[in-house]
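Here is a short tour for someone opening this structure for the first time. Have a look at the sequence and the model, then read on.

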Amino acid sequence: MSIEQTFTQTIVEFVNSALNQKERTGICDILGEIAKATNAYGAILWEPDPYILLDSKDARLFTAGHWFDGGKRLAAHDLSIKKSLAGSAIRENRLVVANDIAQDEQTAKTDDARRFYTEHGVVKCQAAPVHFADASVGCITLFRTAEQQDFAEQNPLFLHFCQLLPGLRDSLHHKVSLGLIDKVKDILRHAEDQSEDPKAVWVAICKALQDCFHLIEVSIFLEDPSRQIGEFRLAHTTCTDYVARETYKEEEPGLTNWAILHRQSVLIWDLRYQRRPKERVLMRDLYHDLIWGDPIGIEELTAGLLQIPTELVPPLSFIAEPIFSGDKVRGVLRCCGAKTAPYYFTRRERDLFAVIASQLGQFWTKRLARRMIDEENRAWNKLMLKIIALNDSVNSEVRESTPNIEGVLHKGLTTTADMIHGAEIIDIRLVDEAKGELFVASTYGEDWTEENRQRRFSIREDALQTLGVEVFRTGVMKEISNVQGLAFPRAKALMVVPIRSSNRNYGVIDIRTTEFTRFPEYAKQMAKLLGQQLGLYHELIDTVVGLRKTEQQLIEQTRITNDAFANWQHQIRGPIDQAEFRLRESIRQDYPHYGDVPQPIQFQSGLLRKARQASRSLQLFLHLSKGDALKARPIFINRTDLTKLLIQTCLDNQLLTSKRRAVDFHVKADSFKNLEGRPLSADLDMLEQALNNVIDNAFKYSYSQTIIDVQGIVEPPFFCIAVSNIGIPLPQGDVENVIKRGWRAEQALAVVGEGAGIGLWVVDHIMRAHAGRLEVLPTAQRRTRIKLLFPWK
Amino acid sequence: MGHIVVLEDDASMHPLLESLITKSLGDLDLKIEVIETEADFRMKWLPSVQNTKKQRPDIFVIDVMLRWTDPSPNQPPRPPDVIEGGFMRAGLRCLNLIRQRPSLFNTPVIFLTTLTKKNLDDLGANLEAVEILHKGDINRLPGQIRAALAASRR
């Protein structure tokens, strides 16, 4: 093979090998290939300091990767561009050689450089510039030991490698970056699909970053706005020793806080240089207001962690990248300290971390939203059950003879504590209208003292208005976040909701949390609902108590009235019965034939009988109003007595009907002949009452110049007395109504004056007392028939 | 000849009233006209007085509680004021109608009732220039009629 062919094959193998690299540390393997191909002991890739211009006296070069035969560590990681061979290669833009490092003026003579030369045994060095795609210029230096031959002044293969390296490095970086982004995406997608615990997600993400960059620390801090706003808590870290505190707040000093406050990433080239004044000035210029002085003694700590001498601690590059949710910072991704080359974070790494932080931000936003929704759904479901239980409790309370609102209020308190996450100090204050004050009616939580329980709050216009009084007066809920109360020092947030219903305010519920600085939105809605519920219960119980009281008063009043009526009825019954009896006897004695009785006397007799009927009717009404059934004391009534009774009743009612209407009656005596030998069994007083009521109705509702028919009908096993008349029609639909107490059809109301409307209602009860029944037949052709059916054995 | 209009729906009172008035006031030669229902008074009697030269009465004797009408196939339905006020205010409604007519405005009115003055006040009665006679004191009716007639003729 010719030299050209060998050259080409070497290049091809080098490129293939480089393209096969998959890890970030692959850059060191690529340098190893360069070193091997150029018979070098080791190779270092230098990059310029991104902050300082190349021609500045402070310009430096930093290792971007290295390889040494035998795998020795590199102790020094930066060089001055002005005083190094690598710097010469960059400044002169050519290959430079120093076959005797100790004597060559261009080579670095710092303590770190000398230590490097000594430890590695290198005496020869060759450097060539590397032009990166972003127009920066770096360098590769090759090293040989004393045993190896000198570097030639020309090294075309090496120069070729230097030309190829930028592209290969960028290709490797893209490959590693895309690989990492995909891995993070997969982790997050899997977590979404499986609804995984976020803790496991943070662990996986941190591990992925750690594996990719070989980092000492990967930490994720997150804010949970539903719990504490402005506090960023440690979600996970790969190095607890590096984490000075687990919670960061915006207003505190530090690199991480700066990233949160200013919503920008912070990239520190090397934390070991924090004590160098120039570094501090530079960082202060780059990051306005940065207070940089992490007290943890990072070099010594790292030496202990890696179990290496302090002087061998590698560069500790640091980046804190804010995690956004929309336009709000919800966390920080923090990485520090690669254990192997490449050690430094550059703008490329910052951009990569920004992409990853964005992915984390989206995931966290979704997870927070879903958690909020789940929490809210669970809370509402639980609230439903609690409200049902509260309602059941109130139902039971209402059934008690003296319902007690206090027990209900206390259950309301415990429900509030159950429902609203973090509600720990709760009380219900009710209004004492007599004193114009709110007083503490019920409390929940250990923070309550007796002194607090005794407090009262004036609701008068001229009194000092507390939040509770304001809510009571306005009926509008209020809340305070980040509260610093005197009565309850532990409380961080407070909300006050009114207890009200309709237009009446009963009091307020105070709800305090010690867990976070504000209540989530759904918790406020729940609190309002509970306030309304308690208001309704209050109103319900007040109403029930009031109604019970009224009911008792009515019962007592009715009892007194009934007793009075009964007494009155008793007083009038006697004299009326006596008067009627005496008149009847007097008529019987003076007028053997009823037809001879003068009409005025017939009138008086009829009126007295009507008065007696009214008195008996009142007695029956009072008896039935108490809910007692009537008891019949039947006697046998024969045909003659019954017929006489019927005729007398008809006559009495006819006398009281206007002659102008000319309503007549016909008692069909023959129809009662079946009672001969088989008399009717009935209570005489009740029978008289029933017949009077039915016949009175017949006369009242009959048209002028009509005849009322009264007849007896055998309808086994009953004997029926039927009264029919032509008059105001009774529609089928009203048949059941006529026996209801106090009911009258419209046409009937037009033709009656006095009267309670209880006539047929009393008749119905009289018939039941006889084990018989009352039948009201609907009107056909304006004829109404009413039948009294008596059991007839 | 004097003319008394009696509004009374209780048929048992008619002979009593006629007997009382006839026996005690026979010297006044009074004609008694009995109207038994509010409907008859409002829909028949009042229009007949208004539209014809029918003799105006010298005095009204009115029962406060009257039924609206008698049962008949064509009985008039109760108007809204009767439905709302009920039979208990029938006499008061008739009084108002009397007072609304210039020809009857000054006619003396005697309320015949079982109600007390307080009951009448509770019913919203305007009892200005109205004599009230309890049915239990019916014997005093002739005297009140005589006095009322004498006063109206002065």
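What pattern does chain B follow when read along the sequence? The answer is β-α-β-α-β-α-α-β-α-β-α, and chain B has six helices and five strands. Helices (H or I, at least four residues) and strands (E, at least two) are DSSP runs here, numbered from the N terminus.

Before going further, a word on the ground rules. This is a predicted model, where local features need pLDDT of at least 70 and side-chain atom pairs count only at pLDDT 80 or more, while totals for chains, interfaces and linings use all residues. Residues are numbered from 1 along each chain as its sequence is written, chains are lettered from A and ligands numbered from 1 in the order in which they are written, and side-chain values use heavy atoms, with hydrogens and water left out.

**The sheet of chain B**

The five strands of chain B form an open sheet in the order β2-β1-β3-β4-β5, paired in parallel. Strands count as paired if DSSP finds at least two bridges between them. At the edges sit β2 (30-35) and β5 (130-134) of chain B, each pairing on one side only. On average, neighbouring strands of this sheet are turned by 20 degrees against each other, direction ignored. For such angles, axes are lines fitted to C-alpha atoms, for helices over the stretch in contact, and values run from 0 to 180 degrees between N-to-C directions.

Helix α1 (residues 13-24) of chain B packs on the sheet and touches β1 (2-7), β2 and β4 of chain B, with its direction at about 165 degrees to that of β2(B). Helix α6 (residues 141-153) of chain B packs on the sheet too, touching β1, β2, β3 (59-63), β4 and β5 of chain B, and its direction makes about 140 degrees with that of β3(B). Contact means heavy atoms within 4.5 Å.

Zoom in on β4 (residues 109-113) of chain B: five bridges join β4(B) to β5(B), and the two run parallel. Phe111(B), for instance, has Ile132(B) as its bridge partner in β5(B).

Now for a loop. Asp9(B) sits between β1 and α1 of chain B, and it counts as buried because its relative accessibility is 12%. (Buried means under 20% relative accessible area, exposed over 50%, partly exposed in between, with a 1.4 Å probe and protein chains only.) Beyond its neighbours within four places in sequence, Asp9(B) has contacts that include His14(B), Glu36(B) and Asp63(B). Of the 154 residues of chain B, 51% count as buried.

**Cores and backbone in chain A**

The largest nonpolar core has 99 residues, and Ile34(A), Ile140(A), Ile220(A) and Leu333(A) have the most contacts inside it. Such a core is a set of buried Ala, Val, Leu, Ile, Met, Phe, Trp, Tyr and Cys residues joined through side-chain atoms within 4.5 Å. Helix α5 (residues 156-194) of chain A gives the largest share of this core, 14 residues. Another core, of 44 residues, lies apart from it, with Ile637(A) and Phe699(A) among them.

Most residues other than glycine have a negative phi, and most peptide bonds are trans. Here are two residues with a positive phi although neither is a glycine.

| Residue | Phi | Relative accessible area |
|---|---|---|
| His214(A) | about 55 degrees | 30% |
| Arg263(A) | about 60 degrees | 41% |

The peptide bond from Ala341(A) to Pro342(A) is cis, with omega near -5 degrees.
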